[in-house]
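These are my notebook entries on one structure. I record what I looked up, entry by entry.

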Amino acid sequence: MNNVQQESLRDQKKNRRRLQILEIARSIIATKGLRSLKVRDVADAAGCSVGSVYNEFGDFDGVILTVNRETVRALTARLAGIPGEDTVAQLYGLAETYLEFFAENANLLRSLFEHRMEDDRPYPDDILQMVMDAFALMHPPLVRVLPDADDVKIALLSRTLFSAVHGIISLGLEERMVAVPPQMLRQQVTQFLDAHLLGLGILPAR
């Protein structure tokens with residue numbers, strides 16, 4: 001075996017270990033929550049040393065951030081798939097899809113918002129931008145239904161709607177409190193959008 005082949009095998013092994021570490025970390029977060037994720041548990045499950053985990057990701061924050069990036073990419077892809085032919089239906093569809101994604105991936109999505117960097121380091125700009133890009137998917141339909149609003153108002157409205165829907169869903173799915181049944185939670189989200197869009201003049205008064 002020549003040096004090129006040996007290097008290729010080492011790279012393949014390194015990639016497999018990296019993917020294994022990520023899958024283990026993702027599984028722990030998804031089933032038990034971010035607070036249950038420990039570097040020693042990940043290393044033991046992957047059959048490697050803690051040092052190997054750090055070598056792959058720089059530090060343990062690197063593992064969590066990589067999982068979080070995958071989560072927000074998956075969320076954005078789901079939201080981006082909502083049809084836009086009917087603008088109002090698109091707004092409701094974005095909220096409905098967010099509810100479905102949150103219900104399926106509650107702990108992974110909470111990790112995105114709960115994670116704090118070690119030593120109070122700033123959160124990576126690229127993930128913040130990815131989250132803002134997800135917020136911004138509400139921007140085009142709002143522009144269509146509020147053509148006279150400026151970009152600043154639309155951006156703030158997008159953020160407000162997204163944050164409010166997130167809060168309703170997050171609290172509704174919180175098992176440590178009184179969890180809201182899925183159908184009732186769906187109704188609450190719809191009622192919030194009804195009231196807000198009515199107040200903005202997007203929906204006609206009934």
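**Overall fold**

I read the order of elements from the N terminus as α-α-α-α-α-α-α-α-α-α. I find ten helices and zero strands in the protein; helices (H or I, at least four residues) and strands (E, at least two) are DSSP runs, numbered from the N terminus. I note that this is a predicted model, in which local features need pLDDT of at least 70 and side-chain atom pairs count only at pLDDT 80 or more, while totals for chains, interfaces and linings use all residues. Residues are numbered from 1 along each chain as its sequence is written, and side-chain values use heavy atoms, with hydrogens and water left out.

**Extent and surface**

Taken along the principal axes, the C-alpha atoms fill a box of roughly 75 × 40 × 30 Å. I looked up the accessible surface, which comes to about 11800 Å², 54% of it belonging to carbon and sulfur atoms (Shrake-Rupley method, 1.4 Å probe; for residues, only the protein chains shown count as cover). Of the 206 residues, 42% are buried (buried is under 20% relative accessible area, exposed over 50%, partly exposed in between). Among contacts with a separation of 6 or more, 64% are accounted for by residues 24 or more positions apart (contact means heavy atoms within 4.5 Å).

**α3 with α4**

I then examined helix α3 (residues 50-57) and helix α4 (residues 60-80), which pack at about 60° with axes 8 Å apart. Axes are lines fitted to C-alpha atoms, for helices over the stretch in contact, and angles run from 0 to 180 degrees between N-to-C directions. The two helices are therefore oblique to each other (under 35 degrees is roughly parallel, over 145 roughly antiparallel, 65 to 115 roughly perpendicular, the rest oblique). In the contact, V53, Y54 and F57 of α3 meet F60, G62, V63 and T66 of α4. By class I record five nonpolar, two polar and no charged residues (Ala, Val, Leu, Ile, Met, Phe, Trp, Tyr, Cys and Pro are nonpolar; Asp, Glu, Lys and Arg charged; the others, Gly among them, polar).

**α5 with α10**

Helix α5 (residues 87-104) packs with helix α10 (residues 182-199) at about 150°, their axes 10 Å apart. That makes α5 roughly antiparallel to α10. I list L91, Y92, A95, E96 and L99 in α5 as meeting L185, R186, V189, T190, L193, D194 and L197 in α10. These divide into eight nonpolar, one polar and three charged.

**K32**

K32 lies in helix α1 (residues 3-32). I note K32 as exposed, at a relative accessible area of 60%.

Technical notes: Buried means under 20% relative accessible area, exposed over 50%, partly exposed in between (1.4 Å probe, protein chains only).
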